[in-house]
Amino acid sequence: MRSTLRWLLSVGLTVALLMVPMGLALAHGGVDDGDEPEEEPAPAASAPAAPAAPGTPPEPEATAAPAEAATPASPAPSAAPMAEHTGDTADPAPATPPTPTGTPADSAPAPAAPTQLALRLEPDGADQARAVAVLTDPSGQPLQNATITFLRKTTFGEVSLGTVRTNGAGLAAADLPVSPGQEVKVTAAFKGSRSWRATEAGASLSVPAVAATSRPPGLYTQRPNPWFLAILLVVVGGVWLTYAAVFYLLFGLSRARMAPHRVPVPSEIPATSD
Amino acid sequence: MSMGTVALRRGRHDDMGSGALPPGAHDLLRPVVESGPWFYLFIGLLAGIMALGLGAYVYQLRYGLGVTGLRSYFSWGLYITNFVFFIGVSHAGTLISAILRVTGAEWRRPITRMAEVITGVALLIGAPMVIIDLGRPDRLLNLVAHGRLQSPLLWDVISVTTYLFGSMVYLYLPMIPDLAACYPALKDRYPVRARLYKMLALGWEGTAEQRRLLEKAIGIMAIVIMPVAVSVHTVVSYIFSMTLREGWHSSIFGPYFVIGAIYSGIAALILAMAIFRKAYRLERYITPLHFRKLGYLLLAVGLVYLYTTFTEYLTMFYGNKEPEKRLVQALFSGEYAGVFWSAIGFTFVPVLLVALARWTGMAGIVFGAALVNIGMWLKRYIIITPSLANPFLPIQTVPPDYAVYSPTWVEWAITAAAVAGFVLLYVGFTKLFPIVSIWETEADHAA
């Protein structure tokens, strides 16, 4: 009973005393629930691309666009009966070559036709590159409005660089942050549709290393101060030597057991005179 | 420093095998050999939480640190908070146990092993937090390939490793006579475990020479481990104080962190004592005297910590430098006021509870200790995150999620797994070895 009362007293006292700081906190309205600060306009160029956020659809590149890209380049409905989109390369039913119009999502059922995806990585400055993918049909016609996913290989898996729809030139691009001296591997994948087979392509880019620039001497020391190093070695080394001494004592512990009882041999037993 | 003799009683049979233990030791071995259904349920719960944390870590490995709330401005968050917290708690054992041993405080005997185990387990849980915070664990190899001794981060690695090794040795040494006593008592029922005990006992027979050597080894370790323990949390504080950042670059950080570590360590020890006293029925060995003595220590260290905290914030507030002004405003009345005042309340209300122990009793001390542990975790968070949120150049022209640190489920899951792992390792130790030192306690009772 007494113990319960003491518990109640402790809890009550604590709650009463905590009212003071809680009151202060509430009075200043500052419960940290992750309130966002006042937003500032973010220039599109400074916002880093989040791994999971879809990238911005690229502007069509005038120099790379072929003449036929002026027409909407997407798979068109086909008169052939719909085949299951399994991604198999072997399609027993002959398919009418699809004309590059319309969108993959809007196409009427048609046998899935193979697609071609070309990926290239273009450096764009010391710390930036672009992954550019071009999706075409077997005849080389670009496919418009196809969803391309860009993935960057990491040590333990992959990070998404974004999901982009191809433009009139069949082109989709995503920003790729890089660092000097890196080997970057990117995969572009088209998941496919009822009319077009899935496909993917990979590419790698070696970013050349840059020589380290010299820094102002107050902000950087190439080597630690020798006196500092000596003190560190003496102190840390001394501690570890002490540990070694303790282990030596432990070794002596096992040797300091009682000597086992030794039975004397007959020649050691002194002769007794009767 | 007396060790007493472990009396080997031969010929007495009981359900623990051929009895070879001093009287009362069976109470201390009961937790090792008996486990109820609640124990297995509890272990299952802890293992489940750890599995969740492990899954979160694998998810983080797979998709990168982007799945956490860490961003360019908030490079440190919950993981480093956990690291500093657990390293702080680790000061419980070795420092308190060593100081009490060197000063000859005989009342310490039943609780020294509890304290020493807290140190070892806390270090084993706290140290990997840095690796989790790295994101890519292979970057740890950069320490070897490109390590720079000018960096406090490398000093931290050296000091934590030295402390961990020394703590394990200091935990092991006083266990040797107990391991030797456990072997004959448990060899019939637990032959595999008993063989482990025998191996670790190093042939202990209690001879005069062995006692002399063990006494010497424990004495050396007790003295060496104290400066090592102080250096560990001092070096952890240097990671912050050597950085030219408002809220961190402060000369008081070294002693501030050490005092805080001792404070949270004593609180963790009181909590462990209360739990094991109740769960393992150790009322005969862990008495209200222990709670009272540690309560006094908690009160004294708490007052010193209150003093250093007051000094730290008064200096920032009075100086009124622009970056510090923003930080103080954020802490006292801004977006971090809730967490800040909660940390202050949870950390310092227990000082009053313990001061009024005449009325609150053991319950007040234990409750206060629990509050201290929560408060000190919040305090570590308050030291780390608001300073990152208030750099010299205010955060601007970034996406909203870059300007605010919001821990995600991944970080909370790993934090929960760390706490569960700490408890699991601790409880696991109590099931393998007696948590109260048999030879020290029985020698004390015999005396």
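This is a predicted model: local features need pLDDT of at least 70, side-chain atom pairs count only at pLDDT 80 or more; totals for chains, interfaces and linings use all residues.
Strand S1 of chain A is joined to strand S2 (residues 128–136) of chain A by 8 bridges, and the two run antiparallel. From here the pairing extends into an open sheet of 3 strands in chain A, ordered S1-S2-S5 and antiparallel. Its edges are S1 (116–123) and S5 (171–177) of chain A, each of which pairs on one side only. Going from one strand to the next, the twist averages 20°.

Chain A holds 2 helices and 7 strands, and from the N terminus on they follow the pattern α-β-β-β-β-β-β-β-α. Of the 274 residues in chain A, 29% are buried. Among the contacts of chain A with a separation of 6 or more, 66% are between residues 24 or more positions apart.

Is A:Thr199 buried or exposed? Its relative accessibility is 18%, so A:Thr199 counts as buried, the cut-off being under 20%. Leaving out residues up to four places away in sequence, A:Thr199 touches A:Thr115, A:Leu117, A:Leu135, A:Ala188, A:Ala189 and A:Phe190.

Now follow chain A across to its partner. Here 58 residues of chain A are in contact with 69 residues of chain B. The area buried between the two chains is about 5200 Å², and carbon and sulfur atoms give 74% of this area. On the chain A side, A:Phe156, A:Tyr243 and A:Leu253 supply 13% of the area that chain A buries against chain B, more than any other three residues.

With chain B in view, turn to the largest nonpolar core, which has 155 residues. Which of its members touch the most others? They are B:Leu173 and B:Phe240. Helix H12 (residues 253–279) of chain B gives the most to this core, contributing 16 residues. Another core, of 27 residues, lies apart from it and includes A:Leu121, A:Ala131, A:Ala133 and A:Ala146.

Beyond residues up to four places away in sequence, B:Phe240 touches B:Trp76, B:Ile80, B:Val84, B:Trp248, B:His249, B:Phe253, B:Phe257 and B:Ile384. Move on to B:Thr243, which is found in the loop between helix H11 (208–241) and H12 of chain B. B:Thr243 is partly exposed, with a relative accessible area of 27%. Setting aside neighbours within four places in sequence, B:Thr243 is in contact with B:Trp248 and B:His249. For a sense of distance, B:Thr243 and B:Gly302 are 59 residues apart in sequence and 27 Å apart in space, C-alpha to C-alpha.

Our last stop is helix H4 (residues 91–102) of chain B. Its 12 residues reach 16 Å from the first C-alpha to the last, close to the 16 Å expected at 1.5 Å a residue. Why can H4(B) be called largely enclosed by the rest of the structure? The reason is that 10 of its 12 residues are buried. Those buried residues include B:His91, B:Gly93, B:Leu95, B:Ile96, B:Leu100 and B:Arg101. Just after H4(B) comes B:Gly104, which takes a positive phi of about 70°.

How values were computed. Residues are numbered from 1 along each chain as its sequence is written. Chains are lettered from A and ligands numbered from 1 in the order in which they are written. Side-chain values use heavy atoms; hydrogens and water are left out. Helices (H or I, at least four residues) and strands (E, at least two) are DSSP runs, numbered from the N terminus. The expected span of a helix is 1.5 Å times one less than its number of residues. Buried means under 20% relative accessible area, exposed over 50%, partly exposed in between (1.4 Å probe, protein chains only). A nonpolar core is a set of buried Ala, Val, Leu, Ile, Met, Phe, Trp, Tyr and Cys residues joined through side-chain atoms within 4.5 Å. Contact means heavy atoms within 4.5 Å. Two strands pair if DSSP finds at least two bridges between them. Axes are lines fitted to C-alpha atoms, for helices over the stretch in contact, and angles run from 0 to 180 degrees between N-to-C directions. Buried area is the accessible area (1.4 Å probe) that two parts lose on being put together, summed over both.
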